[in-house]
Amino acid sequence: MSPSIGSRLRNHWRAQWKSHLGTLVLVVLVFVGVQAWQTREVPSGSAPDFAFTLILPDGSQRSSTLNAWRAEHPGQPVALHVWAEWCPICRAEEHSVTRVSRDWPVLTVAMQSGPPDAVARVLAKRQLSWATALDTRGEIARALGFRAVPAFVVVDDRGRLRGASVGYTSEIGMRLRLWWAKLV
């Protein structure tokens, strides 16, 4: 009688675990290296202050700055999520951003996504109740050190940038970055 498939798989993993562990370590190192390269221009230390037109969840608009917006959330880390309406990866993480924004202050930054009315229409059409800063020319993204979207960074309660990432960031990844910034 031949051994079952499950038994053969267990025997294979037992015999090859070092090889699989090496592969896993290599994948983690490549992932960390790519993230480090993509966020290499994110400034260390204090977040740059910048002015923007803010689209509120009710569709109204007002002028603001990052420091003024942060002052509305005293003693808390806040998240900055840079996205674009034309970006399919940004679209894939919309629901994660929405869920995180229910528990943490999140300012989204619509990079090169059109004038205020166009961005407001996109937010309404996609049912995204986000506070959104307009970055029509990509200047805010560049000031934050991002050259691609989506991007995510936390500004801690002292105004320092922490935990930057470029590309898809999972909901748990966003929450862990915010939680870590609150702890330290």
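At 31% relative accessibility, S60 counts as partly exposed, and this serine is a friendly place to start a tour of this predicted model. S60 sits in the loop that runs between strand 1 and strand 2 (61–65).

**Around S60**

- Setting aside neighbours within four places in sequence, S60 is in contact with L54 and I55.
- S60 and A120 are 60 residues apart along the chain, and their C-alpha atoms are separated by 8.8 Å.

**Helix 5 and its two faces**

- Which residues of helix 5 (residues 116–125) are buried? They are A118, V119, V122 and L123.
- These residues lie on the same side of helix 5, because they cover an arc of only 135 degrees around the axis.
- The cover over the buried residues of helix 5 includes strand 1 (51–55), strand 3 (78–83), strand 4 (106–111) and strand 5 (131–135).
- On the face turned away from the buried side of helix 5, you will find the exposed residues D117, R121, A124 and K125.
- Just after helix 5 comes Q127, which takes a positive phi of about 55 degrees.

- Side chains of opposite charge can pair when their charged atoms come close.
- The count of salt bridges in this model comes to 9.
- One of them joins R99 and E171, whose closest N and O atoms are 2.7 Å apart.
- That pair links distant parts of the chain, with R99 in helix 4 (residues 94–101) and E171 in helix 7 (residues 171–183), 72 residues apart.
- R99 has a relative accessible area of 34%, so this arginine counts as partly exposed.
- R99 and E171 also belong to a network of salt bridges that links them with D103 and R175.

**D156 and the arginines around it**

- Is D156 buried or exposed? With a relative accessible area of 0%, D156 is buried.
- The side chain of D156 meets that of R160 in a salt bridge, at 2.9 Å from N to O.
- D156 also forms a salt bridge with R162, here at 2.8 Å from N to O.
- R160 is partly exposed at 25% relative accessibility, and R162 is likewise partly exposed, with a relative accessible area of 25%.
- R70 is another arginine to look at here: its place is in helix 2 (residues 66–71).
- R70 is buried yet has no salt bridge.
- What is the nearest side chain of opposite charge to R70? It is D156, 5.7 Å away, and a salt bridge needs the side-chain nitrogen to be within 4 Å of a carboxyl oxygen.
- R70 does touch D156, along with V78, V155, D157, R158 and G159, not counting residues up to four places away in sequence.

- V28 counts as partly exposed, because its relative accessibility is 44%.

Definitions and conventions. Residues numbered from 1 in each chain as written. Predicted model: local features only at pLDDT ≥ 70, side-chain atom pairs only at ≥ 80, totals over all residues. Heavy atoms only, no water. Helix = DSSP H or I, 4+ residues; strand = E, 2+ residues; numbered from the N terminus. Buried < 20%, exposed > 50% of the residue type's maximum accessible area, 1.4 Å probe, protein only. Lys, Arg positive; Asp, Glu negative; His and termini not counted. Contact = heavy atoms within 4.5 Å. Arc of directions from axis to C-beta.
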